[in-house]
Amino acid sequence: MITGFRIIHVYVLFIACQPFATAEQPGIELGRGVPQFLETVAQKKKAHVAFFGGSITQSTKGHTAMIPAWLHQNYPECEFIFSNAGLSSTCSMSGAFRLKDHLLSKGTIDLLIVEFAVNDDQDAGHSREMAMRGLEGVIRHFRKTNPSGDIISVQFVNPSILEKFLKGDIATSVQAHKDVARHYQIPIVDVGMALAAEIKEGKNSWQAYGDTHPSQNGYAFASNLIISVIKSSPTAPETNTWPLVNPLIFNCFEKGKFIDPQEGSWLGGWKFGKPDRELLPTGGIRNDYTIYNALRTEEAGSMMYLTFSGTLLGAFILAGPDAGILEISVDEGEWKKVDLFHHHSKGLHYPRSVMLADGLKDQIHQATIRVSNDKNEASQGTAATILFFETN
């Protein structure tokens, strides 16, 4: 939750000196706007705004501070609640599985501002299908629990995404997320497209914007685009609830959730506890993840069993310098290998979601999971560190 009148005052002044975007500006698609949110603000005088994404959202000095500042300034009679569920390195796939615990559990949400395009691009390297499954899963799960809630889909920008725009192309994750948003007529704020347009006109630069994690100028640029959607939105809702149209992609993660690894049973050298230096002897550990417990083994041959229901089984893991390979068999079927090591694992216990089994019948399953004797050539060991299992 974002609070603090001193911070709010600073960003009101900062944004006030920036020119606001218009709904006709490149990068903005208004869709149906956010009329339900505006109606709630005007009539109920109380509204819950939630931010969901990776580390760009997690920053407490970015759009998650600037937009609340603008809302306070322009709707002083409304009592706002702000929730920031940004979590470093997470992609839309992880987002779909953590949405319930990390955000929906906080109560009714009137406006969701969601971004994952950068992490889907540079961290996860998702295919178009996986990027769509993740974001559509977030949108559909949100709409099922908040049928009157409005959503703004934001695509932030990194150097490779910007380079594609400047060449007249578009990144896979950005296109996928925009296609999903259009399917649900959700407003789109494409920061990279808007920035590229200004760069071509000599009005802006990557240096002024900052970096993948924007400078204050960059965050103000993005915040003004998001605010322009709110300012340009129709104020009268078309309906009390938004219709939930058919899925754009049938196997999206709309029923995604976490499962505590303690629901499984294990054999071998597994340990369960906080992911601190005692449990993870080498590699950096982000404070964001020390609040959880983790199930870990460093021994090849360690085995565990898990009963779960749904169409898939994933795992939200910490992949460190010693990350190994898991072997999975579902319902006594063929064994599949999943490499846990990530290119960011060399010096860090990198948080990531991995798909262990997919395309299953929607029923109860029994999974057998064991640590392989094999390992990635870049890895120092055969460890597995599991924060949560994921099902849909």
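Guide: Helix 10 and helix 12 cross in a right-handed sense, where right-handed means that the near helix is turned clockwise from the far one by less than a right angle, and left-handed that it is turned anticlockwise. Helices here are DSSP runs of H or I with at least four residues, strands are runs of E with at least two, and both are numbered from the N terminus. The contact is made by V191, A194, L195 and E198 of helix 10 and F221, A222 and L225 of helix 12, contact meaning heavy atoms within 4.5 Å.

Visitor: What should I keep in mind about the origin of these values?

Guide: This is a predicted model, in which local features need pLDDT of at least 70 and side-chain atom pairs count only at pLDDT 80 or more, while totals for chains, interfaces and linings use all residues. Residues are numbered from 1 along each chain as its sequence is written, and side-chain values use heavy atoms, with hydrogens and water left out.

Visitor: At what angle do helix 10 and helix 12 pack?

Guide: Axes are lines fitted to C-alpha atoms, for helices over the stretch in contact, and angles run from 0 to 180 degrees between N-to-C directions. Helix 10 and helix 12 (residues 216–232) pack at about 115 degrees with their axes 10 Å apart, and they are therefore roughly perpendicular; angles under 35 degrees count as roughly parallel, over 145 as roughly antiparallel, 65 to 115 as roughly perpendicular and the rest as oblique.

Visitor: How does helix 8 meet helix 10?

Guide: The axes of helix 8 (residues 159–166) and helix 10 (residues 191–200) come within 9 Å and cross at roughly 55 degrees, an arrangement that is therefore oblique. The contact involves L162, F165 and L166 of helix 8, together with G192, M193, L195, A196, I199 and K200 of helix 10.

Visitor: Is S345 buried or exposed?

Guide: Buried means under 20% relative accessible area, exposed over 50% and partly exposed in between, with a 1.4 Å probe and protein chains only. S345, in the loop between strand 14 (336–339) and strand 15 (350–357), is buried, with a relative accessible area of 0%. Leaving aside neighbours within four places in sequence, S345 is in contact with A319, G320, P321 and Y350.

Visitor: Where is P147 placed, and how is its accessibility classed?

Guide: P147 lies in the loop between helix 7 (128–145) and strand 5 (150–155), and at 34% relative accessibility P147 counts as partly exposed. Not counting residues up to four places away in sequence, P147 touches T241 and W242.
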